[in-house]
Amino acid sequence: ELEIGAFKGVRAVRWRPDPSMPIVSGQNGAGKSSVIDGIMACLTSGKRFSEPIRRGHTKASCCITLGRRVVDESSPEAAYRITRTWTRSGGKIEVFEMDGTPVKEPSAWLSKMFNDGGCDPLAFAQAAPREQRDTLMRVTGLDKSLAALDDRRASALKDKQRAETVLQVANVSLASIPVVDGPDTEVSAAELLSQAAEASATNAKHARARAWIKGKKDEASNLTADIATCEAKLADLRGKLAAVEKEIASQTPVVEAMVDADVQAIQERIKNVEADNAKARNRAARRAAEKSKQEASAAFSSASRAVEAVDAERRLAIESAPMPVKGLAFEDDAVTLDKIPLAQVNSARQIQVGVALALAEKKPIRVVFTRYGSLLDQHGMEALRAIAVEHGAQVFVERVSDAGGDGLCIVDGEAVAGGEV
């Protein structure tokens, strides 16, 4: 049962709502939204209103009596009375059991009994896909658990982008260096000149040795001739000959084993040393570029795996979240039901999802509010009532209407049908 006095747009109303789907109707500005606000004011102690007291009055009040069936389903008898009052100096809320015993810490008791963070089921059904997704994440608690994963994913993506940039630079650097055949290390021209000088000195030494041998051979020939003509000197000459032949015998193998250095080949290398060194520098630069590319590629792969790991962890968190309706899930930035975008599901199923979300916390007071009843035709209203009965909930519906119809009809802040002034 509801009693409202001088609250916002309501003058005075007393109403015993339907247990399943109470309807508040009236023209725009008649005060029907104030009736819904009055009920919510009693159930949500933290609800604030900029001007709760109707103009021309000094005090406003809202009072609801909860049936025991609403609280614990044990019986239809009244169980609690909740009163919220406002004066110019402030407001307060009180909760009493029906024998007059006050409930200590009424705000904490209401928070325990009623889900004041629930959503409007019809507003949820009409919301954009991303808004539906955000609401579902908040109800399931995924908004907080995924925040850390989103931060990690953003960090991993930055690492991946940086690694990709380094990889692209490495690829460009490697592509700018042509592939050439040649030595892998540079050769010193000074060293080659030194080698050439040393080789020339060696060859000169060898030439002198050959000339010496030739001289000795000539000397031997001359001595032989002298022996033929100079018998008198034969003994002396034979002695000299023996000595010379001994020297020849000892040095001939050494001289014959000598191999001249290829001075011309060294001279050719001296001519080509700068070209060879350029090739060597090119090959060294390409090896460095290939190494940089490999390192950048490894960093990019590592960053990619980090992003994939966070994405997998995020998917697991979403898949394991307790959904209020079987088949409800996230895909991209939208909510799906049985893998179909919620916007493409029939209205009855959308309303069922909205009511289930509003009741997701399973608080004892199962009351839901929607201010979008004017969007529903007769079939939609019947579907909403059936869902309310199915969930054992009381769904308050606000509709714009000229006629009274079912429920409470408000005109200029007073009940003209369905309630008492």
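**A tour of strands and one threonine**

Select Ala329 first: its bridge partner is Thr336 in β8. This is a predicted model, where local features need pLDDT of at least 70, side-chain atom pairs count only at pLDDT 80 or more, and totals for chains, interfaces and linings use all residues. Residues are numbered from 1 along each chain as its sequence is written, and side-chain values use heavy atoms, with hydrogens and water left out.

Now show β7 and strand β8 (residues 334–337). They run antiparallel, joined by 4 bridges. Strands here are DSSP runs of E, at least two residues, numbered from the N terminus. Two strands pair if DSSP finds at least two bridges between them.

Widen the view to the open sheet. Its 3 strands lie in the order β7-β8-β9, with antiparallel pairing. β7 (328–331) and β9 (340–341) are at the edges; each has a single partner strand, so one side of each lacks a neighbour in the sheet.

Next, select strand β1 (residues 2–7) with β4. They are antiparallel, and 4 bridges join them. Find Gly5: Ser61 in β4 stands opposite.

Stay on strand β4 (residues 59–67). Of its 9 residues, 7 are buried, so the strand is largely enclosed by the rest of the structure. Buried means under 20% relative accessible area (1.4 Å probe, protein chains only).

Last stop: Thr370, in strand β10 (residues 367–370). Is Thr370 buried or exposed? Thr370 is buried, because its relative accessible area is 0%. Show its side chain, which reaches the backbone nitrogen of Tyr372 at 3.3 Å.

Conventions:
Buried means under 20% relative accessible area, exposed over 50%, partly exposed in between (1.4 Å probe, protein chains only). A polar contact is a pair of N or O atoms within 3.5 Å; within protein, one must be able to donate a hydrogen and the other to accept it, and residues adjacent in sequence count only if both atoms are side-chain atoms.
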